[in-house]
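Q: Could you walk me through the sheet and the aromatic pairs in this one?

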Amino acid sequence: MRSPPSRRHILKGVAVGLSAAVLPRLAQAQGATQPALTPGPPGRPGRHRVDEPAAVEVNARPLPSFDIRDRARVRFGALEYRSGLILTSSFSGFGGLSALRLDARGERFIAVSDQGTWFTGRIVYRGRELAGLDDVEAAPLLGADGRPITATRGWYDSESLALDGSFAYVGLERVNQVLRYDFANGFTRARGEVVPLPPAAKKLPINKGLEALVFVPKVMPKATPASQPLAGTLIAMSERGLDPSGNLMAFLVGGKTPGQFSVRRTENFDISDAVLLPSGDLLILERKFSWLGGVGIRIRRLALSDIAPGAVVDGPAIFNADLGNEIDNMEGIDAHVTDEGETVLTMISDDNFSLIQRNLLLQFTLVE
């Protein structure tokens, strides 16, 4: 299928945490400074890197049910299945989706691919169900020199994304670095600056390093006062960097109480992403794989107020799924609240650019 014609992409919103004051300025800047986009090329064997901005056509096939064994089932722990999509594209760089952030309405999104690529666009709904993606654009993550990070440093494995107003933080697992982008200076054409990290973060395993980023906003009206010490802190969690007790290492970067803490590791699960709810609860998305047991994912709920330097935090699992469900390599999670007051969790998978894996976009209502 042919890619869409060239078009001018106007930013109408980017992600949770961008204030009403910032959004209009970003939209104006994007519309005023960005050139018309050239449609992206179809797939080339072995080439998934994106070197310049391109419009992308994404096809979507619905997933009417989540449980393969019981198609009528909708309740899974504390989550209720809403809808899902299988996403495909002829654009060679589409795939490897490792982190996702949505605007307050759950419509506009920004995501990162593990090949050092931004993806932005709009989720299309049919009623309350996912119907497709539109206005999708791919653009390379740029370094401080204005060139793609994959070209100048060979950096890739961009696995995590956090937002603080107009600032975006991207974690690079392969080199255990975090880049900060000011979207007010060109949106996805902004240049990244390296964020200083604790020395222990640089020593994380090469392919099990920084996997989840969450920024704690300075104002959380619904959070408990006990959560406030972390206001203005970037939380960085490793996939499987283990402390001496075998728990998952995590870091508090910036803020009033910087330091290191751990997330208790159980049942061989590793961290793949996290999201902060308005209540102050932190949800961590986890996954595991074994040749005998296959793939499993779960979501655990942690209290933000429990997190502090030196702490070992734990919390209950509120969701579990395995290959009897419509899952894949689930690597991204975010949340938004609907006009009806429902908290909706959106998850996305990384297909590793493999023919036997899928790019899934799934949505659930948090009911407990």
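Predicted model: local features only at pLDDT ≥ 70, side-chain atom pairs only at ≥ 80, totals over all residues.

Q: In what order do the four strands of the open sheet run?
A: The order is 10-11-12-13, with antiparallel pairing; strands are DSSP runs of E of at least two residues, numbered from the N terminus, and two of them pair if DSSP finds at least two bridges between them.

Q: Which strands stand at the edges?
A: Strand 10 (158–164) and strand 13 (193–194) each have a single partner strand, so one side of each is left without a neighbour in the sheet.

Q: And how many bridges join strand 10 to strand 11?
A: Six bridges join them, and L163 has A168 in strand 11 as its bridge partner.

Q: Switching topic, how many aromatic pairs are there?
A: The structure holds twelve, counting Phe, Tyr and Trp (six-membered) rings with centres within 6.5 Å, where planes under 30 degrees apart are stacked, over 60 edge-to-face and the rest tilted. One of them is W118 with Y181, edge-to-face at 5.2 Å centre to centre and 80° between the planes.

Q: Where in the chain are W118 and Y181?
A: W118 lies in strand 8 (residues 117–126) and Y181 in strand 12 (residues 177–182), 63 residues apart.

Q: Are W118 and Y181 buried or exposed?
A: Both W118 and Y181 are buried, whereas F289 and W291 are both exposed, with buried meaning under 20% relative accessible area, exposed over 50% and partly exposed in between (1.4 Å probe, protein chains only).

Conventions:
Residues numbered from 1 in each chain as written. Heavy atoms only, no water.
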